[in-house]
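Here is a friendly walk through the model shown below, taking its charged pairs, its sheet and its pockets in turn.

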Amino acid sequence: LDLEAGPLIRSVGRSEWNYGVVIGAAATSTLDLMAELHGSARTNFAHDRLTVNVGLRKQLKKAVALIGSLGHDVRAAPGEPLSLVSYLGLQLEF
C-alpha cells in the first residue's frame, strides 16, 4: 500500500496537486500485481483529472525489474477528453 500527495511546481504553465493510492500483492515470487487511483488538480483544486491504472512488476534478475501499467481517465476537466495512459520501464537497483 502506498499513498502519495504533494505539489507539482512548474516554471512554465500552471502548478498542480498530485495525489493517489496504490495497492499491490505478490502473485508469484517474481511477479507483483498492482492497482492505482491517481489524481491531479490545479492548485485551487479546479480542473481535476482522475485515472485508474492496473499494472505489474516482474523481477527479471536480482537487480532488474520490468514495470508496466495501463489505465484510463474516469474524470477530466470540462471540455477535455478522457485519455488512455500506459507506462513501460525497467527498474535498475544499485
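A salt bridge here is a side-chain nitrogen of Lys or Arg within 4 Å of a carboxyl oxygen of Asp or Glu. The model is predicted, so to speak plainly about its limits: local features need pLDDT of at least 70, side-chain atom pairs count only at pLDDT 80 or more, and totals for chains, interfaces and linings use all residues. Residues are numbered from 1 along each chain as its sequence is written, and side-chain values use heavy atoms, with hydrogens and water left out.

**Salt bridges**

Strands are DSSP runs of E, at least two residues, numbered from the N terminus. Glutamate 80 is partly exposed at 41% relative accessibility, where partly exposed lies between buried (under 20% relative accessible area) and exposed (over 50%), with a 1.4 Å probe and protein chains only.

Glutamate 93 is partly exposed at 39%. Asp32, Arg57 and Glu93 are linked in a network of salt bridges.

**The sheet**

Six strands form an open antiparallel sheet in the order β1-β2-β3-β4-β5-β6; two strands pair if DSSP finds at least two bridges between them. Its edge strands are β1 (2–8) and β6 (84–92), each pairing on one side only. β5 (residues 64–75) pairs with β6 over nine bridges, and glycine 68 stands opposite leucine 88 in β6.

**Pockets**

A pocket is an open set of points on a 1 Å grid over the protein atoms alone, where a 1.4 Å probe fits, with protein on both sides within 12 Å along at least five of seven lines; lining residues have an atom within 4 Å of a point. The largest pocket is lined by 13 residues, with Glu36, Asn53, Ile67, Ser69 and Tyr87 nearest its centre. β3 (31–42), β4, β5 and β6 each supply at least two of its lining residues.

The lining of the second largest pocket includes Arg10, Glu16, Arg49 and Glu80. β3 gives the most to that lining, with three residues.

How values were computed
Helices (H or I, at least four residues) and strands (E, at least two) are DSSP runs, numbered from the N terminus.
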